[in-house]
Amino acid sequence: MLASQSPLLAAPLLTLRQLAPGTSVRAVNSGYVVAGSFSSLDETVFPPRARFAGSYWQVNGIDAIAAIEHLAEPRKSPRPEVGSIGHMAHVDSDWAARLAAPAADLAIVGTSSWLDGDFDAWITRASDSLAPSSIRDLLLPDVGPVATWFTRIYSSARLSEQLPLPADLRCVILDGFGAIKHLGEVDAPVVICILDRSVADDTAAEIVVQLRNTHGEPVLVREDLGWRAPAGVEAVAFTVAL
Amino acid sequence: MTRVGLLNRRYAASAALQRDGVEIVAIGDPLGARFNTAARTLMLTAREDGPGLWDDLVGAVRALRWRLLTQPQPIALNPALTDGAEEVLRRVRLLRGAVQDESLLDEIASAAVGVSSCDPELGQLLLRSIDEVGVSECVVIASNARASEALGGWLGDKGIEVLTPGALERTQPQVEQAYVVGPPRFFRSSLVTAPLTNSLSFLIPAWFGDRQIPRSAISAYAEGAMRIEARVFTEGDTAEPEAVIAGPVIAEEDFLPQPLWSPRQALDREPGSDEVEAHKLLLSGGQAMWLDDGERIRAVDLLQPHGERVVHIPVSSVRVGTYLLLRQGETEHHALHIAALARLASLGPAVEASQQSWKKRLQQRLSQHGQAAVVNALRGEGVKTAERARAWTDPTLVRPHSDQDFERLLAWLDLPIQPHFGNATLLRRAIYQASAEVRVQLESAVSAADVSVLERDGSLGLDLTQEGFRGMLATRVIAISPHADIVPRRDARVPFEDRSGQWLE
């Protein structure tokens with residue numbers, strides 16, 4: 001998500017002029033992200049006003065707006081904060097555009113109640129003067145009636161009933177044994193398997209090692225990817241032809 | 001402690017073990033050493049004489065040797081040891097007159113009497129070690145639920161916590177030191193590669209020679225691999241009988257309690273249309289099952305939280321220790337298939353007919369050309385999972401997972417893509433829906449069940465309300481046959497009574 005290209009959005013007024021009534025839109029102002037059906041634009045007043053998602057909005061207060069796929073019910077969420085990590089990844093300058101038109105190309109498969117707990121954690125750079133980033137705001141999971149989202153979340157226990165995964169995913173994180181079991185059925189350009197060494201069963205590791213040894217081309221984590229694993233973390237990387 | 005806090009503690013413990021290594025304390029145990037030597041002589045004799053004659057005695061001796069390593073409580077509190085020795089003596093009596101080597105039988109019998117008449121040295125070492133660090137500062141880890149219960153019966157009164165590795169993960173006691181009863185190789189690598197305590201000591205009798213420390217499954221390929229070293233300390237009388245020092249080596253695997261597999265059938269033919277190749281699985285509670293390489297199978301993951309414990313896993317990831325969820329009397333997939341066809345209502349017959357049509361043609365090709373030729377041809381057409389060709393003939397395995405593979409398979413079978421593709425996909429969706437309903441019920445049944453009972457006994461019956469899915473059984477896999485046999489399709493995945501695992505657990 002943080003590595004994706006910045007979306008190219010026209011100025012809000014230009015976008016609104018092009019919209020046919022009934023089109024679903026997602027808009028971001030200083031306090032909220034709103035998604036819903038567009039009805040009208042009134043340029044006879046100043047500043048111009050647009051009506052969408054059931055309310056009137058001042059166009060000069062809109063930081064970014066984009067047409068989206070049809071949405072039956074309007075949705076409104078507080079605007080997520082970018083925080084320390086967002087600044088580090090340089091997504092702060094176009095944050096509103098990213099919220100309005102997210103790449104939404106990441107999926108996480110794992111134990112959903114644990115993931116939900118993890119989203120409530122905060123992350124920051126050591127000795128950063130900026131506020132910490134909420135992991136929920138960085139990932140923006142597609143859980144519940146949210147107005148915008150970056151990341152699809154799947155429960156490992158229910159994954160077999162939801163396969164195949166959408167084809168537009170660029171990265172899938174398989175968190176733990178229950179998710180990695182489905183490695184053979186996940187075709188995404190980047191797949192990250194998180195092997196939990198504390199689980200007595202080595203099956204997940206064996207699945208990964210077998211794929212590496214039969215179809216993989218090794219990649220050096222430190223040289224090729226430039227990542228140094230912290231103490232206690234083992235890392236293996238390889239590519240597989242899709 | 002929060003999840004982040006627990007994780008930090010575990011990484012700190014990992015770093016400590018990577019730096020300091022683990023400790024192995026080997027205690028001299030002359031009586032056990034004598035039994036070990038007798039066991040070794042028996043194994044060599046049995047190896048020379050071939051299978052049959054000695055099998056029962058070998059099984060009983062292996063079981064007793066295992067208990068010497070894993071259950072060192074005093075004799076008065078150690079029925080496992082005394083019963084195990086009794087069983088050895090009984091098997092010796094049955095062999096009297098049947099074998100030439102009476103002196104070997106004598107030696108085994110008196111060595112078995114020896115180990116069951118004195119309190120084990122290993123137990124004394126354990127008590128001394130606990131005293132050194134203090135009862136509240138340590139935890140004792142037993143190899144399995146049975147050993148944990150037995151050791152707990154002895155040490156529990158003294159306020160010492162005894163846990164299996166699984167229970168250790170669940171309870172995560174906040175202590176500095178863990179004493180592990182048994183050699184490192186009897187335990188999963190996670191105990192040392194993802195430790196919960198900063199110090200870990202394995203306690204073993206000195207006659208047990210194999211002191212390898214397990215490694216993580218990816219360590220051979222990983223950057224930053226966890227390689228834990230051992231510091232070995234030896235105490236007490238460790239003079240070994242001379243016979244051990246000379247003579248051929250017996251791999252430690254051969255000493256472990258083993259299941260009895262029936263001799264392999266000649267696999268010089270391919271399975272017929274109503275047959276499958278399947279591996280035999282031995283299950284807890286004296287049961288067994290044939291597992292074919294077909295559709296995923298339901299399992300219970302006890303480490304997951306409530307509501308996410310019931311999972312569907314590929315057959316290839318079933319291991320010793322996996323808890324399977326089986327339907328008694330008939331396979332779950334068969335019942336799901338019927339439920340899914342019912343959901344499709346008026347479309348059901350057409351879907352069934354188109355499924356039968358491509359599966360029948362695939363079966364014909366397999367019978368005509370053989371599996372190897374079919375797999376090769378499909379590979380040539382670009383079917384990535386071609387090796388599954390035979391599995392796809394199974395009526396309950398709806399279709400290849402990959403759309404592309406399925407389209408190429410249909411083309412190779414000279415069948416139109418539609419309606420076969422659409423119908424199979426419709427059926428798959430209906431099965432997923434039926435399966436999701438059953439899963440919700442299974443989740444609530446598993447949540448209501450006492451997990452510790454399942455871990456202790458290895459199996460547990462579950463009651464469901466849904467028609468066709470009553471009488472589910474959660475059961476632990478205790479052994480998987482190394483070879484496949486050909487069995488009737490209807491026999492696959494249905495548990496049955498079997499005593500081949502009597503020496504296990």
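**View 1. The salt bridge between A:Glu185 and B:Arg296 in a predicted model.** A:Glu185 of chain A and B:Arg296 of chain B form a salt bridge in which the closest N and O atoms are 2.1 Å apart, a salt bridge being a side-chain nitrogen of Lys or Arg within 4 Å of a carboxyl oxygen of Asp or Glu. By this rule there are 3 salt bridges across the interface of chain B and chain A. The model is predicted, and local features need pLDDT of at least 70, while side-chain atom pairs count only at pLDDT 80 or more and totals for chains, interfaces and linings use all residues. Residues are numbered from 1 along each chain as its sequence is written, chains are lettered from A and ligands numbered from 1 in the order in which they are written, and side-chain values use heavy atoms, with hydrogens and water left out.

**View 2. The interface of chain B and chain A.** In this view 44 residues of chain B are in contact with 42 residues of chain A, where contact means heavy atoms within 4.5 Å. The two chains bury about 3,700 Å² between them, with 51% of that area on carbon and sulfur atoms; buried area is the accessible area (1.4 Å probe) that two parts lose on being put together, summed over both. Of the area that chain B buries against chain A, 19% is supplied by B:Tyr221, B:Glu223 and B:Glu308, more than by any other three residues.

**View 3. Polar contacts and the elements of chain B at the interface.** Between chain B and chain A, 16 residue pairs are in polar contact, both residues being at pLDDT 80 or more; a polar contact is a pair of N or O atoms within 3.5 Å, and within protein one must be able to donate a hydrogen and the other to accept it, while residues adjacent in sequence count only if both atoms are side-chain atoms. On the side of chain B that touches chain A, two or more residues come from each of helix 1 (3-20), helix 9 (190-193), strand 10 (310-313) and helix 16 (420-448) of chain B, where helices (H or I, at least four residues) and strands (E, at least two) are DSSP runs, numbered from the N terminus. Helix 16 of chain B gives the most to this side, with 6 residues.

**View 4. The surroundings of B:Arg10.** B:Arg10 lies in helix 1 of chain B and is buried, with a relative accessible area of 12%, where buried means under 20% relative accessible area, exposed over 50% and partly exposed in between (1.4 Å probe, protein chains only). The side chain of B:Arg10 reaches the backbone oxygen of B:Ala194 at 2.9 Å. Leaving aside neighbours within four places in sequence, the contacts of B:Arg10 include A:Ser198, B:Glu169 and B:Gln172.

**View 5. The two domains of chain A.** Chain A is divided into domain 1 (12-78) and domain 2 (83-239), with bounds that come from an automatic or database domain assignment. The centres of domain 1 and domain 2 of chain A, taken over C-alpha atoms, are 32 Å apart, and 13 residues of domain 1 are in contact with 11 residues of domain 2. Between these domains of chain A the buried area is about 820 Å², of which carbon and sulfur atoms give 64%, and there are 0 salt bridges.
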